[in-house]
Amino acid sequence: MKILGIVHAFPPDHGSGAEWMMHDMMQYMMKQGHECKVWVTKYPAQDINGIEIVGEEYVPECDMIWSHLNMTGKAINIAKEYRKPLVHIVHNTQHMGIISVQRKNVYNLFNTWYTFDTLKDKYHRHPYMIFHPSVDMNHYSIEPTGKAITLINLNESKGGYILAELAKRMPDMEFMGVKGAYGTQIVDQPKNVRLMENMEDIRKAYKQTKVLIMPSDYESYGRTAVEAMCSGIPVIANPTPGLLESCGSAGYFADRNKLDEWVEAIRDVFKNYEYWSKRAKLRAEDLQDQSARELEKLEQFCVDIVNDKFKHNL
């Protein structure tokens, strides 16, 4: 089976959660003997881990197309023109009208039960599956040696200002802010916040992290939390539906609008660190098992699409 991803950006040049999710899906499919290539339409891109960057000339050759985010509309039109089935990866709860009006040829891959429950009535025409972002524990598991309370991506939505306020309230603690791949980064931080540039290998940041904070105002899943938990790093998070789904009982949840709760949560996690670290590691192991099952289902889903089992292709 030959799969073409049509996207606006791709790792390592652009490494947010959505891009890494598709990368990891392709890595698995390639290990099963399938061919995966990517057409990147907006940002510079380079071959990565055996995934070749191509152009529109590959479309006639492929068996199916994967796409997501703001490239979905263009990908739908290309899929129609070349009569190729399209898998739309749903990363958030923003409704795309162009999906709803399609009668055939579109298949939805929801990244959480939360996104599915929110959009199922609008996307009801199309076959679907639930596929949580796959995080390879063997890759992300390291031995953290640092003491930092870390925020990854310093834009306003992720909590850049909250990082600054927490650092001011806790001058005795070491904080670290890692610049993100998108959004205006809030780099005016107190002296006890060490800033790091955006990096291809985020494990370098986890190595220096004691606790990860995620005071995001919106997360449909929260891949960063899962990556950190692979190394037993406790996660304190705003209880968005996505973070509740990814962190489960291992998450320590605090309202992003109540900074006193965050100060108390950080103190409590440091005080009972072994307990929260163990919970994080166990949660990552559970998610690893879930991922293995879902990856197998993903391959079968794609095979069924190409063979038109759902009678939904053009």
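This report walks through the sheet, the helices packed on it, and the nonpolar cores of a predicted model.

**The sheet**

Let's start with the seven strands that make up an open sheet, ordered E3-E2-E1-E4-E5-E6-E7, with parallel pairing. At the edges you'll find strand E3 (52–54) and strand E7 (128–130); each has a single partner strand, so one side of each is left without a neighbour in the sheet. Going from one strand to the next, the twist averages 25°.

For a look at one pairing, take strand E4 (residues 64–68) and strand E5 (residues 86–90): they run parallel and are joined by four bridges. Here Trp66 sits opposite Val87 in E5.

**Helices on the sheet**

Two helices that pack on this sheet are H1 and H11. Here is what they touch and how they are directed:

| Helix | Strands touched | Angle between directions |
|---|---|---|
| H1 | E1 (2–7), E2 (35–40), E4, E5, E6 (106–110) | about 155° with E4 |
| H11 | E4, E5, E6, E7 | about 170° with E7 |

These helices also meet each other. The axes of H1 (residues 17–31) and H11 (residues 273–306) come within 10 Å and cross at roughly 75°. On the H1 side the contact involves Met25, Tyr28 and Met29, while H11 brings Leu295, Glu296, Leu298, Glu299 and Cys302. By type, the residues of this contact split into six nonpolar, two charged and no polar.

**The nonpolar cores**

Now for the largest nonpolar core, which has 29 residues. The members touching the most others are Val178, Ile202, Tyr206, Leu212, Met214, Met229 and Val235. Helix H8 (residues 223–229) gives this core its largest share, four residues.

Who does Tyr206 touch, once its neighbours within four places in sequence are set aside? Its partners are Tyr140, Ile142, Pro144, Ile152, Thr224, Glu227, Ala228 and Ile233. Apart from this core there's another one, of 28 residues, including Trp20, Met22, Ile89 and Phe131.

**Helix H6**

Last up is helix H6 (residues 160–169), whose buried residues are Gly160, Ile162, Leu163, Ala164, Leu166 and Ala167.

Terms used: Residues are numbered from 1 along each chain as its sequence is written. This is a predicted model: local features need pLDDT of at least 70, side-chain atom pairs count only at pLDDT 80 or more; totals for chains, interfaces and linings use all residues. Side-chain values use heavy atoms; hydrogens and water are left out. Axes are lines fitted to C-alpha atoms, for helices over the stretch in contact, and angles run from 0 to 180 degrees between N-to-C directions. Contact means heavy atoms within 4.5 Å. Ala, Val, Leu, Ile, Met, Phe, Trp, Tyr, Cys and Pro count as nonpolar, Asp, Glu, Lys and Arg as charged, and the others, Gly among them, as polar. Buried means under 20% relative accessible area, exposed over 50%, partly exposed in between (1.4 Å probe, protein chains only). A nonpolar core is a set of buried Ala, Val, Leu, Ile, Met, Phe, Trp, Tyr and Cys residues joined through side-chain atoms within 4.5 Å. Two strands pair if DSSP finds at least two bridges between them.
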